[in-house]
Amino acid sequence: MLRPDPNDMIRRIIILLSVVTLLIPFISKQAAASELEGVVFSGKMELIDGKVTNGKVIYAVSWKKDVKQTDVRVNQDGTFKIKLPHADEYRVIFAHPDYEPVSLTIQFCEKKEYSLNVTMDRYKKSQSYKVISELNKFSQRLGLIEMKKEGGIFKAIIENIPEKNKTLKYQVLTQYVRSFNGNKYIDEHDPSGDFFSEVKVKHGKAIITFDDSKLRPGGSKASMKNIKWLALEVLKQDFMREVFKLWPIFKKKEKNKSDEEKLTHLYNTCKKTLESFSNPEDRHAYVAFINMYFSRFTKKFEKDMEDVVKYAISNKRFAASNTALMYAVANKLVENKLKTATSEEEKNKIRSQACIHFFKSLLENKLLPARRINVMSSIARSYKYSLKDNDNFKVWAHKIMKEFPGSWSAESLKKELKQIAMVGKPAPAFEYENRDGNMIKLSDLRGKFVLLDIWSTWCGPCIGEIPNMIESYEKIDKNKIEFVSVCIDIDKEKLKKYTTEKGMKWTQLFSKGNFKSDVVKKYRVTGIPCLFLIDNEGKIVVINIGLRGKELIPTINKYIKTQKD
């Protein structure tokens, strides 16, 4: 009986392993190529009252901050077909001159091809119109010009235009803060899909006219059809359009009967929409999304949210899809423990620790980049703002910057880390004009603590903090601490009038330029209100944490004993 040669078997095994080793990169490459084939979007663009002439599909791929938009012109019959590279998020805008863009954010595509037919409607008619132009980089804060109605036509005159400008690009804005083209559009658009217009300049002057007779008087009839796999995303966009119309109502603390009726109508519309979902996960995702807005004024979706949370507890991949949902699940998991807490401070600590623990468990699942960034950012900011733990905040910030360089979160966190590094160091010197026109230096206040508040009259959270600032100012020992607010508005006279009417008696300074202002650059401000507590030696001791709401006076008292009895 012949026996196999052991050496021969070893040689065969070595050869086989070598072949497999050589094939692995090829197999992996083929698998990766298959996975990265991308997604195809096809369909047709139609206009509610006309023929498509210059329609475009504008798209951006990925979660990175510096991602660039690309546009593709639709065919003469309105049809289009675009193939996009594999990504976890796509931003698609359907645009056409004179028609309101239809936008769609699509995340986590599971199909390779999607059909999407779009019907576009005219912009909505407004009671008033304004103009922005390239002279102020199309900024809505730096140079709005009101249009005046003359003989049924709206008109605006822009003067003192540099001689080099033979033409002027501009856009017309409505009271709904949408921009659109005027009398002559050019084949360029802004990131929202609104086209620019152009007018000739003569002797440094441009006359802009606008006829709004073709605009629609009422609600939009824009629609999307044949969207079986994208129904959730489209319905979320539809909901946001309605929220945008009612946003002034959503922001009100007290709502009248008319407000309640409008919100109830939207609620009933959403309840009817829920009946259209055949996929339970899509239904849960829709409830979680709309509840972020409805929870501000009604508890009508509480029962629906309970079902969503129960589902999310058993499906962590789904739980990571929505920030509000993540927090809702974490709070649900510790609700029994919260009952034993003896103080609000203890409750906040329990909630914060539970959120961080739950968020970390989500990262054990295979999450697409956009979701993973969201979860990691939530962990970082829970450490910073809820637990006031800058050390762990730094750890998670660096993790995000390393894993997702170039993302919005990474870029924002870089700035936050630079700002945190200012603690313990001398506060940057400044000299700004006060309400009376006098120049005030930070060094003039040396010997006292200073609460520096960087804000603006157009900032909602800043305005919301004013009553607390007024109340706190009355309690401090003004021989030991000064309140100094630096406003970054454009209009100084508006600031003077606003702060006087509100009764803001402390030092009010002016650093013109919004987020390009001098104080923003010096103090590395990423958002407002931004508050700094500076000690009597001129060093920064606290940035933001504990300097708002009911925490302000206790935080000040932690460093100086100034509160009056």
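Me: What makes Cys530 count as buried?
Reply: Cys530 has a relative accessibility of 1%. Buried means under 20% relative accessible area, with exposed over 50% and partly exposed in between (1.4 Å probe, protein chains only), so Cys530 is buried.
This is a predicted model, in which local features need pLDDT of at least 70 and side-chain atom pairs count only at pLDDT 80 or more, while totals for chains, interfaces and linings use all residues. Residues are numbered from 1 along each chain as its sequence is written, and side-chain values use heavy atoms, leaving out hydrogens and water.

Me: Why is the link of Cys459 and Cys462 called a disulfide?
Reply: The S to S distance between Cys459 and Cys462 is 2.4 Å. A disulfide is a pair of cysteine sulfur atoms within 2.5 Å, and therefore this pair qualifies. The structure holds 1 disulfide.

Me: Which hand does the link of Cys459 and Cys462 have?
Reply: It is right-handed, with 80 degrees about the S-S bond.

Me: Why are β11 and β12 said to pair?
Reply: Strands are DSSP runs (E, at least two residues), numbered from the N terminus. β11 and β12 (residues 153-158) run antiparallel and are joined by 3 bridges. Pairing requires that DSSP find at least two bridges, so β11 and β12 pair. One of the bridges sets Lys148 against Lys155 in β12.

Key
Helix = DSSP H or I, 4+ residues; strand = E, 2+ residues; numbered from the N terminus.
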